Amino acid sequence: MGIHLQGDQQVTTRTTNDQLALVDTTNHWIPIDPAKPPPTGPKLLLIDKRLGVASIGSYSKSGTWTHYAGLPTFDRSKE
């Protein structure tokens, strides 16, 4: 686990136990609530928690996704 500075911004990351992924411990998956699902048009990060495999795609109510997250953006003040 490490906390490092990227420019003047603190970023908290760690490598998973199997060393296969670097994760940001401050950014979390949002559970999909069937009563208030994410939008069905735009691209999102999607995951089925049981399977543990993330994908970029559009949400579909007929899928098996359990959680989602928005895609990252660039910090325009740093460009």
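Figure 1. Thr 16 is buried, at 18% relative accessibility; buried means under 20% relative accessible area, exposed over 50%, and partly exposed in between (1.4 Å probe, protein chains only). This is a predicted model, in which local features need pLDDT of at least 70 and side-chain atom pairs count only at pLDDT 80 or more, while totals for chains, interfaces and linings use all residues. Residues are numbered from 1 along each chain as its sequence is written, and side-chain values use heavy atoms, with hydrogens and water left out. Strands (E, at least two residues) and helices (H or I, at least four) are DSSP runs, numbered from the N terminus. A polar atom of the Thr 16 side chain lies 3.4 Å from the backbone nitrogen of Leu 20. Apart from neighbours within four places in sequence, Thr 16 is in contact with Ala 21 and Val 23, contact being heavy atoms within 4.5 Å.

**Figure 2. Gln 19, in the loop between strand 2 (9-15) and strand 3 (22-24).** The phi of Gln 19 is near 65°, a positive value in a residue other than glycine. Most residues other than glycine have a negative phi. Gln 19 counts as exposed because its relative accessibility is 56%.

**Figure 3. Arg 14 in strand 2.** Arg 14 has 34% relative accessibility and therefore counts as partly exposed. The C-alpha atoms of Arg 14 and Thr 25 are 7.2 Å apart in space, with 11 residues of separation in sequence.

**Figure 4. The open sheet of 4 strands, in the order 4-7-5-6.** The pairing is antiparallel. Strand 4 (30-31) and strand 6 (53-58) are at the edges and have a single partner strand each, so one side of each lacks a neighbour in the sheet. Two strands pair if DSSP finds at least two bridges between them. Strand 5 (residues 43-48) is joined to strand 7 (residues 67-69) by 3 bridges, and Leu 45 stands opposite Ala 69 of strand 7. Between strand 5 and strand 6 there are 6 bridges, with Ile 47 opposite Ala 54 of strand 6. The hairpin of strand 5 and strand 6 has 4 residues between the strands, and Gly 52 takes a positive phi near 75° there.

**Figure 5. His 67 in strand 7.** His 67 is buried because its relative accessible area is 16%. Its side chain makes a polar contact with the side chain of Thr 66, at 2.8 Å. A polar contact is a pair of N or O atoms within 3.5 Å; within protein, one must be able to donate a hydrogen and the other to accept it, and residues adjacent in sequence count only if both atoms are side-chain atoms. Beyond four places in sequence, His 67 touches residues including Trp 29, Ile 30, Pro 31 and Leu 45.

**Figure 6. The largest nonpolar core, made up of 5 residues.** The members are Ile 32, Leu 44, Leu 46, Tyr 59 and Tyr 68. A nonpolar core is a set of buried Ala, Val, Leu, Ile, Met, Phe, Trp, Tyr and Cys residues joined through side-chain atoms within 4.5 Å. Leaving out residues up to four places away in sequence, Leu 46 touches Trp 29, Val 53, Trp 65 and His 67, among others.

Figure 7. pLDDT is the predictor's confidence in each residue, from 0 to 100. Confidence is highest in strand 7, at a mean of 97, and lowest in strand 1 (residues 2-6), at 52. Where pLDDT is low, the predicted coordinates should not be read in detail.
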